[in-house]
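Let's learn to read a two-chain model together, one feature at a time. Have a look at the picture, and then we will go through some questions.

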Amino acid sequence: MKCAEVRELLGNYMDQELTESMMQRIEKHLLRCPACAYEARSIEQAREMLRRGVESPMVSEPLGERILNHIAERFPHLRATRPTEQPFSLPLLSLEDEVPSM
Amino acid sequence: MEHGRENEEARLIARFRAGDMQAVETLFWRYADSVLAYATRLLGNRTDAEEVLSDVFLRAFEGCMSYRAEGTFKAWLFRIARNCCIDRLRQPRLLRLEDGVEPVQGDDTADIELRVAVQRALKRLPEEYQTVLLLCDVEEFTAKEVAEMLGRSVPSVKGMLYRARTALRDALSEEWGEEA
């Protein structure tokens with residue numbers, strides 16, 4: 001295979017989207033051609049750096065709850081099933097609990 | 001594609017239409033982190049991305065009330081997320097925060113340097129290159145799914161992906177060169 005043909009198929013080769021025989025032909029070329037081998041390795045390395053280097057923030061629970069409340073407000077048919085927010089969830093004590101019986 | 005998941009999500013959407021908030025919560029928490037991450041990467045800062053996140057889910061559920069395109073809910077969400085990010089990027093620069101890399105607990109210097117280099121390199125690429133790289137190489141959508149999202153043919157997406165990977169390699173190489 002010529003270098004131009006290999007470069008044309010390198011993306012498919014990296015994503016393993018070629019037939020087995022074509023994969024082997026390209027592998028063979030890469031073993032013999034340092035320029036194409038460098039091209040393949042350097043692109044794969046950049047792809048790996050992208051995967052490791054991109055930011056992966058997570059949605060905090062308060063943010064998620066705010067958005068879900070917003071959605072519930074926007075769609076009135078959902079309101080009935082969304083529990084109202086309760087900032088303090090301490091159990092209520094009855095008067096009898098506070099005053100020990102004599 | 002995973003027909004099992006598609007069917008399950010179709011049922012969740014039907015439950016949402018019927019007024020089941022639990023179905024909304026399931027769909028939201030399933031994809032909220034990955035949509036926020038995608039928006040943060042495209043916009044370059046988390047504050048803008050958090051604002052976009054709310055719009056994305058509102059638009060998605062509005063769409064679900066009337067019409068939803070074929071494909072997975074995730075692909076539908078990411079298509080909306082991309083549109084919301086593009087709208088946001090078109091706003092005057094003064095209204096947006098400066099880009100920055102937020103430290104993550106446990107990061108060492110090499111991690112931070114890598115994230116800074118990747119963010120800078122990505123920002124140097126055309127928006128379409130950033131999109132195909134993030135969707136195909138990070139989120140692992142297939143070329144077919146991305147083609148549907150972008151309204152392009154599969155060969156066109158594959159060609160663009162290869163050019164984008166090459167451009168990223170060159171941009172990263174320059175970033176490391178500038179760091180040295």
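**Reading the contact between two chains**

A: Let's start where the chains meet: 39 residues of chain A and 46 residues of chain B take part in the contact, where contact means heavy atoms within 4.5 Å. This is a predicted model, in which local features need pLDDT of at least 70 and side-chain atom pairs count only at pLDDT 80 or more, while totals for chains, interfaces and linings use all residues. Residues are numbered from 1 along each chain as its sequence is written, chains are lettered from A and ligands numbered from 1 in the order in which they are written, and side-chain values use heavy atoms, with hydrogens and water left out.

Q: What area is buried between chain A and chain B?

A: Buried area is the accessible area (1.4 Å probe) that two parts lose on being put together, summed over both. Here that area is about 3800 Å², and carbon and sulfur atoms give 67% of it. On the chain A side, A:Leu50, A:Glu55 and A:Pro57 supply 18% of the area that chain A buries against chain B, more than any other three residues.

Q: How many residue pairs are in polar contact across the interface of chain A and chain B?

A: A polar contact is a pair of N or O atoms within 3.5 Å; within protein, one must be able to donate a hydrogen and the other to accept it, and residues adjacent in sequence count only if both atoms are side-chain atoms. By this rule there are 13 such residue pairs across the interface of chain A and chain B, with both residues at pLDDT 80 or more. On the side of chain A that touches chain B, α1 (3-14), α3 (34-53), α4 (61-74) and α5 (76-79) each supply at least two residues. Helices (H or I, at least four residues) and strands (E, at least two) are DSSP runs, numbered from the N terminus.

Q: Where do B:Arg165 and A:Asp15 lie?

A: These two form a salt bridge, with the closest N and O atoms 3.1 Å apart. B:Arg165 lies in helix α8 of chain B and A:Asp15 in the loop between α1 and α2 of chain A, so the pair joins two chains.

Q: Is B:Arg165 buried or exposed?

A: Buried means under 20% relative accessible area, exposed over 50%, and partly exposed in between (1.4 Å probe, protein chains only). B:Arg165 has 3% relative accessibility, so it counts as buried. A:Asp15, at 27%, is partly exposed.

Q: Which residue forms a salt bridge with A:Arg47?

A: The partner is B:Asp137, and the closest N and O atoms are 3.4 Å apart. This pair also crosses between chains, from helix α3 of chain A to helix α6 of chain B. A:Arg47 is buried at 7% relative accessible area, and B:Asp137 is buried at 2%. Both belong to a network of salt bridges that links A:Asp15, A:Glu44, A:Arg47, B:Asp137 and B:Arg165.

Q: How many residues apart are B:Arg41 and B:Glu139?

A: They are 98 residues apart, with B:Arg41 in helix α2 of chain B and B:Glu139 in the loop between α6 and α7 of chain B. The two form a salt bridge whose closest N and O atoms are 3.2 Å apart, and both residues are buried.

Q: Which residues touch the most other members of the largest nonpolar core?

A: A nonpolar core is a set of buried Ala, Val, Leu, Ile, Met, Phe, Trp, Tyr and Cys residues joined through side-chain atoms within 4.5 Å. The largest one here has 72 residues, and A:Ile71, B:Phe57 and B:Phe73 touch the most other members. Helix α2 (residues 21-43) of chain B gives the largest share of this core, 13 residues.

Q: How many helices and strands does chain B have?

A: Chain B has eight helices and zero strands. Of its 180 residues, 51% count as buried.

Key. Salt bridge = Lys/Arg side-chain N within 4 Å of Asp/Glu carboxyl O.
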